[in-house]
Amino acid sequence: AVDWKTLDKETDRLAGDYGEWAGRCYTILTKSKTYVPLTPNPVQKLIGADESRQMRETGQVRQFILKARQGGVATDQQARALDLIWGKKGATAMTLADNRENTDILFGITQRAIEHFPPALLPRLGDAQTREVTFPGRDSRFWTGTAGAKTAGKRGPTLDRLHFSEFAFADDPITILGAITPALVPKGSAIVLETTGGGHGSEAHDFWKRAKAGKTSYRALFYPWWECDFLHYRMLLL
């Protein structure tokens, strides 16, 4: 059984320290098929720093991340959503992926983290639902689904955090984003769009260009593979 006094004490201590929480609570499967704690890499740290800066300066987060493959951006966003519902009572987070296969992959990351979560720090889980994690004692919920027409029109709970993965490859992503955005809490919300390159000339590409030009509320962040490798090398030298 969970020692609620210990859990509440650790929740208070780890609140606001995502890096320590990740290293203590979140397990990932590496490319070499080993289980290790999540230690944010340089790109993940830069994205997190921008998120903190936006939240401090504007009271909300709006990011559009153009990324290289295998950079850990989606894994990091899944972790941040779980961290949110673990540490904040009443919080709700949602991840949307561009297709069913990627939806299952992303939820698999979260499932693995729950399976390896320190038992003493894991609140009681709600009844198993399709691609959903709930902590009833905290009244918090994290759902991972596939972007589509049904999602866009779905009436759901108020959201604190939305992660839209492979945004440029979803069918009609701008319509979906427009339908879901009103569900975000008016203050303190985060929307993170991330995608690998694709869809030149599409609405998503136009949205990226407008974000890069400062014509939307979204901050455009670009991390090509060579920059990811350079940042990793530089961190090894520090």
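## Close-up views of the structure

**View 1: Aspartate 139, out in the open.** Aspartate 139 counts as exposed because its relative accessibility is 61% (exposed is over 50% relative accessible area, buried is under 20% and partly exposed is in between, with a 1.4 Å probe and protein chains only). This is a predicted model, where local features need pLDDT of at least 70 and side-chain atom pairs count only at pLDDT 80 or more, while totals for chains, interfaces and linings use all residues. Residues are numbered from 1 along each chain as its sequence is written, and side-chain values use heavy atoms, leaving out hydrogens and water. You'll find aspartate 139 in the loop between E5 and E6 (helices are DSSP runs of H or I with at least four residues, strands are E runs of at least two, numbered from the N terminus). Aspartate 139 has a positive phi of about 55°, even though it is not a glycine. Most residues other than glycine have a negative phi.

**View 2: Arginine 131, another positive phi.** Now look at the loop between H5 and E5, where arginine 131 sits. Arginine 131 isn't a glycine either, yet it has a positive phi of about 50°. Is arginine 131 buried or exposed? Arginine 131 counts as buried, because its relative accessibility is 19%.

View 3: Strands E5 and E6 pair in the antiparallel sense over four bridges (strands pair if DSSP finds at least two bridges between them). For glutamate 132, the bridge partner in E6 is tryptophan 143. Four residues lie between the two strands of this hairpin, and here aspartate 139 takes its positive phi near 55°. On E5, Glu132 and Thr134 point one way, Val133 and Phe135 point the other way, and all are buried.

View 4: E4 (92–97) is mostly covered, with six of its six residues buried. Follow the side chains: Thr92, Met94 and Leu96 point one way, while Ala93, Thr95 and Ala97 point the other way, and all are buried. E4 runs parallel to E6 (residues 140–146), joined by six bridges, and leucine 96 has glycine 145 in E6 as its bridge partner. E4 is also parallel to E7 (residues 161–165), with four bridges joining them. In E7, histidine 163 stands opposite threonine 95.

**View 5: The largest nonpolar core.** (A nonpolar core is a set of buried Ala, Val, Leu, Ile, Met, Phe, Trp, Tyr and Cys residues joined through side-chain atoms within 4.5 Å.) This core has 29 residues, and Trp21, Tyr26, Leu82, Ile85, Trp86, Phe117 and Phe135 have the most contacts inside it. H1, H2, H4, E4, H5 (100–115) and E5 (132–135) each give two or more residues to this core. Which element gives the largest share of this core? That's H4, with six residues. Apart from this core lies another one, with 23 residues, including Trp143, Leu159, Leu193 and Tyr218.

**View 6: Zooming in on tryptophan 86.** Leaving aside neighbours within four places in sequence, tryptophan 86 is in contact with Leu7, Glu10, Thr11, Leu14, Trp21, Phe117, Leu121, Pro123, Phe135 and Arg138 (contact means heavy atoms within 4.5 Å).

**View 7: The second largest pocket.** (A pocket is an open set of points on a 1 Å grid over the protein atoms alone, where a 1.4 Å probe fits, with protein on both sides within 12 Å along at least five of seven lines; lining residues have an atom within 4 Å of a point.) The second largest pocket has a volume of about 620 Å³, the space filled by probe spheres set on the points. It is lined by 25 residues, and those closest to its centre are Gly16, Tyr18, Glu51, Arg80 and Asp83. Helices H1 (4–14), H2 (18–25), H3 (42–58) and H4 (73–87) each supply at least two lining residues, with the largest share, seven residues, coming from H3. The lining divides into nine nonpolar, eight polar and eight charged residues (Asp, Glu, Lys and Arg count as charged; Ala, Val, Leu, Ile, Met, Phe, Trp, Tyr, Cys and Pro as nonpolar; the others, Gly among them, as polar).

**View 8: Arginine 80, from helix H4.** Arginine 80 lies in helix H4 and counts as buried because its relative accessibility is 12%. Not counting residues up to four places away in sequence, arginine 80 touches Tyr18, Gln44, Gly48, Glu51 and Arg161.

**View 9: Lysine 187 and glycine 59.** Lysine 187 is in the loop between H7 (173–180) and E8 (190–195). With 71% relative accessibility, lysine 187 counts as exposed. Lysine 187 and glycine 59 are 128 residues apart along the chain, but their C-alpha atoms are separated by 6.1 Å.
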